Amino acid sequence: MIITSAPGKVILFGEHAVVYDKLGIVCSIDKRCNVKILSAKENRVFVRSEKLGLAKILNEKELFSFFNTINSLRSKDKFDGTKEVFEKDKLAPIFFVIANIFKKYGFKGLRVEIDSEIPKGLGSSSAVFSAIALGVLKFLGKIPSKKEISDFAYQGDLIAHGGTPSGIDNAAVTYGGYLKYRKSTGIEPLEIDFEIPLLVVESGEEAKTAETVSYVRKNKKENPEFVNPILNSLNSISEKALESLIFQKLEDLGRLMFKYYQELKRLNISTEKLDKIIEIALQNSVLGAKPTGGWGGGCCLILAENEKRIDNLMKVFKKNGFKSFRVKIGVEGVKLI
């Protein structure tokens with residue numbers, strides 16, 4: 001038996017803009033997904049997530065038939081088709097990751113057991129894909145690089161993110177730590193050695209990453225004169241935020257978080273609950289706040305002055321009906337246990 005673990009992630013800056021080669025800043029968090037890979041007597045792939053109540057079995061022929069179907073959709077740029085696959089089958093991206101690995105290294109029957117504590121919208125899917133990629137590769141006797149693991153995890157995001165993932169999620173959960181990312185140049189680790197008092201507040205709505213990514217892509221195609229300036233503005237905000245992060249200017253970082261929220265909100269992918277969380281944050285004079293991930297639900301990040309302030313904020317959000325939790329960020333990426 002092989003057991004692997006991958007962290008969740010939060011995007012500090014760059015949501016949606018990274019899809020279009022703009023700057024993203026991301027870090028891993030101390031919520032993790034664990035995956036067990038076991039040998040199977042039969043020549044089939046069995047995947048189960050007990051927590052989600054999902055299980056499915058595919059034989060070799062079915063797995064590669066599915067692999068060919070997805071690649072056919074991709075070759076024709078039928079992004080809505082990949083989104084529909086995910087809507088019908090939440091385990092589809094996992095099988096696609098495994099199929100890609102087997103296509104390169106050969107098929108072998110196995111069982112996959114998934115257990116995750118990562119909330120939706122915080123890299124939960126990418127963490128599963130990365131942990132599975134490492135586990136399956138080790139199961140096949142390979143010694144993979146972080147890049148190979150990340151590349152295979154990206155294949156899962158192709159389905160889970162509606163056909164056009166940025167690549168930032170799979171990189172964050174695989175490499176861990178703090179990263180800056182641009183699609184055309186890839187990742188670059190950041191040396192951040194100070195604590196950032198960060199609170200994650202759950203909206204209670206599941207993040208709709210595949211839907212929002214597709215929605216923004218459609219609007220960019222149909223109304224580029226409106227969308228492109230917003231994306232450029234988001235990139236500018238992220239570049240300023242990177243400087244603030246490196247020089248430990250938390251007040252500037254917080255101000256830019258609010259600014260990013262206001263700018264991306266113009267694309268109409270926020271929700272009443274996300275907006276309410278930001279409103280509460282403003283009323284309580286936090287340094288900064290913004291949704292993180294795909295928007296359309298999910299979580300918000302709250303930047304506080306210190307850890308003691310976070311305790312008070314947790315009480316405030318609980319009083320307003322929102323669950324929240326503090327996170328340690330910049331933790332180790334995917335690993336064997």
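1. Basis of the model. The structure is a predicted model, in which local features need pLDDT of at least 70 and side-chain atom pairs count only at pLDDT 80 or more, while totals for chains, interfaces and linings use all residues. Residues are numbered from 1 along each chain as its sequence is written, and side-chain values use heavy atoms, with hydrogens and water left out.

2. Overall fold. The protein chain holds 11 helices and 12 strands, where helices (H or I, at least four residues) and strands (E, at least two) are DSSP runs numbered from the N terminus. Its radius of gyration is 19 Å, close to the 20 Å that the globule rule gives for 337 residues, so the chain is as compact as a globular protein of that length; the radius is taken over C-alpha atoms, and the rule is 2.2 Å times the number of residues to the power 0.38. The C-alpha trace spans about 60 × 45 × 35 Å along its principal axes.

3. Of the 337 residues, 58% count as buried, meaning under 20% relative accessible area, with exposed being over 50% and partly exposed in between (1.4 Å probe, protein chains only). Among contacts (heavy atoms within 4.5 Å) between residues at least 6 apart in sequence, 76% join residues at least 24 apart.

4. Charges. The mean positions of the 52 positive and 41 negative charges lie 3 Å apart; Lys and Arg count as positive and Asp and Glu as negative, without His and the chain ends, and each charge is placed at NZ of Lys, CZ of Arg, CG of Asp or CD of Glu.

5. Helix α3. This helix covers residues 92-105 and reaches 20 Å from its first C-alpha to its last, close to the 20 Å expected at 1.5 Å a residue, the expected span being 1.5 Å times one less than the number of residues. Because 11 of its 14 residues are buried, α3 is largely enclosed by the rest of the structure; the buried residues include F95, F96, N100 and F102. After α3 comes G106, with a positive phi near 105 degrees.

6. Most residues other than glycine have a negative phi. D21, in the loop between β1 (2-13) and β2 (24-39), has a phi near 65 degrees and is partly exposed at 30% relative accessible area. S285, in the loop between α10 (272-283) and β9 (288-292), has a positive phi of about 55 degrees and counts as exposed at 52% relative accessibility.
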